[in-house]
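I opened my notebook beside the model and looked things up one at a time. My entries follow.

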Amino acid sequence: MIVVSNLHITSSTAINPSMISSNTDSMYVMVAPCILDPSLRAEGITRDEDLRAYAACLKRCSAFGLEVVALPCAETLYLGKNRTPGTFTERLNTPEFELIIDRLEIEVRQIILQRGEPLCIIGADSSPTCGVNTTWYGPEEKLTHRGVFLSRFPEIPAIDAFDFARYRVYLASPLFTEAERKYNELIRDLLATHCFEVYLPQEVGLDSASRNRDAIDHIFRSHCDALQKTDWIVAIIDGADADSGCAWEIGYAYAKGIPVVSLRTDFRHVGQNEHVNLMLERSSVVVTSKEALPRALKSPLHH
């Protein structure tokens with residue numbers, strides 16, 4: 001019943017799996033089966049954005065060397081592959097279905113016993129069985145709760161596919177001194193342990209004041225292209241005022257609807273209720289320690 005897929009696709013942006021923290025030694029995730037096979041979903045509910053999210057989930061697993069283990073599809077086993085959408089109370093609230101998920105839970109727990117606990121479960125919100133944050137319980141009742149099958153594994157962190165799919169980070173930060181560049185590398189490596197792929201601007205172009213116009217144009221285009229493709233901005237806003245380039249990148253991201261998490265470890269405040277410039281602070285989520293970054297970015301290790 002369990003499908004195991006080994007993902008070893010080469011990626012130019014892959015991070016060495018040895019960088020992943022020790023609590024991911026099992027190096028696998030469990031996923032809602034429709035992430036691997038969207039045809040298992042009820043008819044008519046799959047959108048293009050769903051398919052893009054599922055593909056990004058698998059790409060993230062590939063980039064970090066994570067095996068993908070598909071959970072069994074309880075709904076397909078009970079209702080068949082070609083089925084109309086329905087909620088738990090409409091279609092699944094029966095003794096027969098409960099027996100099915102009883103059996104499937106035993107099978108999944110046997111896998112976990114053999115392999116160790118997975119990094120996380122990647123679910124599909126709204127699903128009556130595999131929802132993470134929400135589940136359609138009744139026709140007019142969407143609950144803030146796990147689906148009925150994922151609820152059988154409360155001890156395992158779970159993350160919705162749309163959240164897991166968002167793993168590309170643009171690090172906006174000052175990069176002009178050795179100390180700044182070293183700190184940026186430290187943040188990059190921290191995020192890599194949580195399976196985030198980080199674009200580090202200091203790795204693009206020459207790091208000197210003697211750059212010619214072509215080099216400057218190349219750097220600008222490279223950064224803009226990365227901003228277009230990123231899922232998150234992490235901005236380091238220490239200092240009396242934020243770096244001007246970093247401030248531009250935050251403003252660009254806010255205008256484009258890209259979420260920004262700002263890191264300010266500087267204990268100075270610019271006002272009674274402000275850590276830093278209010279325009280930067282109000283356009284991002286501000287954390288005050290690097291350890292708080294992974295949770296703010298919805299790391300799969302913090303659900």
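**Entry 1: the cover of α9**

What covers the buried residues of α9? I found that the cover includes β8 (168-172), α8 (213-229), β10 (232-236), β11 (260-263) and α10 (278-282). Contact here means heavy atoms within 4.5 Å. Buried means under 20% relative accessible area, exposed over 50%, and partly exposed in between, with a 1.4 Å probe and protein chains only. Helices (H or I, at least four residues) and strands (E, at least two) are DSSP runs, numbered from the N terminus.

Before going on, I noted the ground rules. This is a predicted model, where local features need pLDDT of at least 70, side-chain atom pairs count only at pLDDT 80 or more, and totals for chains, interfaces and linings use all residues. Residues are numbered from 1 along each chain as its sequence is written, and side-chain values use heavy atoms, with hydrogens and water left out.

I checked the length of α9 next. The helix runs over residues 244-256, and its 13 residues should span 18 Å at 1.5 Å a residue. The expected span is 1.5 Å times one less than the number of residues. The end C-alpha atoms are 19 Å apart, which agrees.

Then I asked which residues of α9 are buried. They are Cys246, Glu249, Ile250, Tyr252 and Ala253. They cover an arc of only 165° around the axis, which puts them on the same side of α9. The arc is that of the directions from the helix axis to the C-beta atoms. An α-helix has 3.6 residues a turn, so residues three or four places apart point the same way. On the face of α9 turned away from the buried side I found the exposed residues Ser244, Tyr254 and Ala255.

Asp243 caps the N-terminal end of α9, with a side-chain oxygen 3.1 Å from the backbone nitrogen of Gly245. That is a polar contact, a pair of N or O atoms within 3.5 Å; within protein, one must be able to donate a hydrogen and the other to accept it, and residues adjacent in sequence count only if both atoms are side-chain atoms. After α9 comes Gly257, and its phi is positive, near 80°.

**Entry 2: α8, one of the covering helices**

I turned to α8. Its 17 residues reach 25 Å from first C-alpha to last, close to the 24 Å expected at 1.5 Å a residue. Buried in α8 are Ala215, Ile219, Ser222, His223, Cys224, Ala226 and Leu227. Those buried residues pack against β8, β9 (197-199), β10 and α9.

The loop between α8 and β10 holds Asp231. Is Asp231 buried or exposed? Asp231 counts as buried, at 13% relative accessibility. Leaving aside neighbours within four places in sequence, I listed the contacts of Asp231 as Ala165, Arg166, Tyr167, Arg168, Ile258 and Pro259.

**Entry 3: aromatic rings**

How many aromatic pairs does the structure hold? I counted six. Rings of Phe, Tyr and Trp (its six-membered ring) pair if their centres lie within 6.5 Å; planes under 30 degrees apart count as stacked, over 60 as edge-to-face and the rest as tilted. Phe149 and Phe153 form an edge-to-face pair, 5.5 Å centre to centre with 90° between the planes. Phe149 is buried at 0% relative accessibility. Phe153 is buried at 1%.

Trp248 and Tyr252 are a stacked pair, because their ring centres are 5.3 Å apart and their planes lie at 20°. Being four residues apart in α9, Trp248 and Tyr252 are separated by about one helical turn. Trp248 is partly exposed at 44% relative accessibility, while Tyr252 is buried at 18%. Phe220, Trp248 and Tyr252 form one aromatic cluster.

**Entry 4: a loop residue**

Ile45 sits in the loop between α1 (33-36) and α2 (48-63). Ile45 is partly exposed, with a relative accessible area of 33%. Beyond neighbours within four places in sequence, Ile45 is in contact with Asp50 and Pro85. Ile45 and Pro85 are 40 residues apart in sequence, yet 7.5 Å apart in space, C-alpha to C-alpha.

**Entry 5: whole chain**

I closed with the totals. The protein chain has eleven helices and twelve strands. Of its 303 residues, 47% are buried. Among contacts between residues at least 6 apart in sequence, 72% join residues at least 24 apart.
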